[in-house]
Amino acid sequence: MIPEYVKMEDLLAGFTTPSVMDCKIGVRTYLEEELAKAREKPKLRKDMYEKMIQVDADEPTEEEHAQRGVTKPRYMVWRESISSTASLGFRIEGIKRADGSSTSDFKKTKTKEQIAQVMRCFIDDNDEIRKKYLRRLKAIRTTCETSPFLAAHELIGSSLLFVHDTSGYANVWIIDFGKTLPLPEGAAVTHTVPWVEGNHEDGYLIGVQSLISVFESCAPMPGQAAKNGEH
């Protein structure tokens, strides 16, 4: 029997002062089993309440404010709804630019227009980088649509890692497989339809397609000059 293993590599090798972006893919980042387990014995969580009010002090109900706590299921579902996860099938987790600056303040970056603005800044309006990312995303989409592995698994909490540098080198990789699990017997998913509890859909291809749409929307307007990698 040939042993199975996961081969890891340094994805930043070969890049010079890279800019990196992590996008969490899918319409949810928790397993259905995690949600069900959290509902079995729901407890008020002060830490999750405090995280919630840091983002939106008006979100908790009067009762939750009085108790200074929210349950984990409540927090899990709310967390997905405030970002682009539930609506677009992905969210930006963090960006580190070539100059060393970084940010992960994207908890409420939700609309396609907001995300497009972030993407333009990330690629510094470099149209060649944009096109390279687009080609790679479309290749990933095609591979996923025909993958026997994807047809038999749900991908939860997986990310796409975007990396480019000032030389014009750019690539995208699928990373993070800690919650990639085989589907239960008899279950089938397309990765393209909304999640309803019990259907195991993850919205992976919804997210990939949304990213393609965002990068397409970042194309320079006719007559607008675009950067081509020269600085």
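Five strands make up an open sheet, running in the order 5-4-1-7-8 with antiparallel pairing; two strands count as paired if DSSP finds at least two bridges between them, and strands (E, at least two residues) and helices (H or I, at least four) are DSSP runs numbered from the N terminus. At the edges sit strand 5 (102-103) and strand 8 (170-175), each of which pairs on one side only. The model is a predicted one, so to speak of its local features takes pLDDT of at least 70, side-chain atom pairs count only at pLDDT 80 or more, and totals for chains, interfaces and linings use all residues. Residues are numbered from 1 along each chain as its sequence is written, and side-chain values use heavy atoms, with hydrogens and water left out.

Back to the sheet. Strand 7 (residues 159-164) lines up with strand 8 in the antiparallel sense, and 6 bridges join the two. One of the residues involved is Val163, whose bridge partner in strand 8 is Asn171. Helix 6 (residues 112-122) touches strand 1 (19-25), strand 4 (90-96) and strand 7, and its direction makes about 30° with that of strand 4. Helix 7 (residues 127-145) touches strand 7 and strand 8, at about 35° to the direction of strand 8. Touching here is contact, meaning heavy atoms within 4.5 Å; the axes are lines fitted to C-alpha atoms, for helices over the stretch in contact, and the angles run from 0 to 180 degrees between N-to-C directions.

Some backbone angles deserve a look as well. Thr17, in the segment before strand 1, has phi near 40°, a positive value in a residue other than glycine. Arg68 also is not a glycine, yet its phi is positive at about 50°; Arg68 lies in the loop between helix 3 (62-67) and strand 3 (70-71). As for accessibility, Thr17 counts as partly exposed because its relative accessible area is 45%, and Arg68 is partly exposed at 42%. The cut-offs are under 20% for buried and over 50% for exposed, with partly exposed in between (1.4 Å probe, protein chains only).

That leaves Ala86, which belongs to helix 5 (residues 85-88). With a relative accessibility of 46%, Ala86 is put in the partly exposed class. Leaving aside residues up to four places away in sequence, Ala86 touches Val27, Glu80 and Ser81. Ala187 is 101 residues from Ala86 in sequence, and the two C-alpha atoms are 22 Å apart in space.
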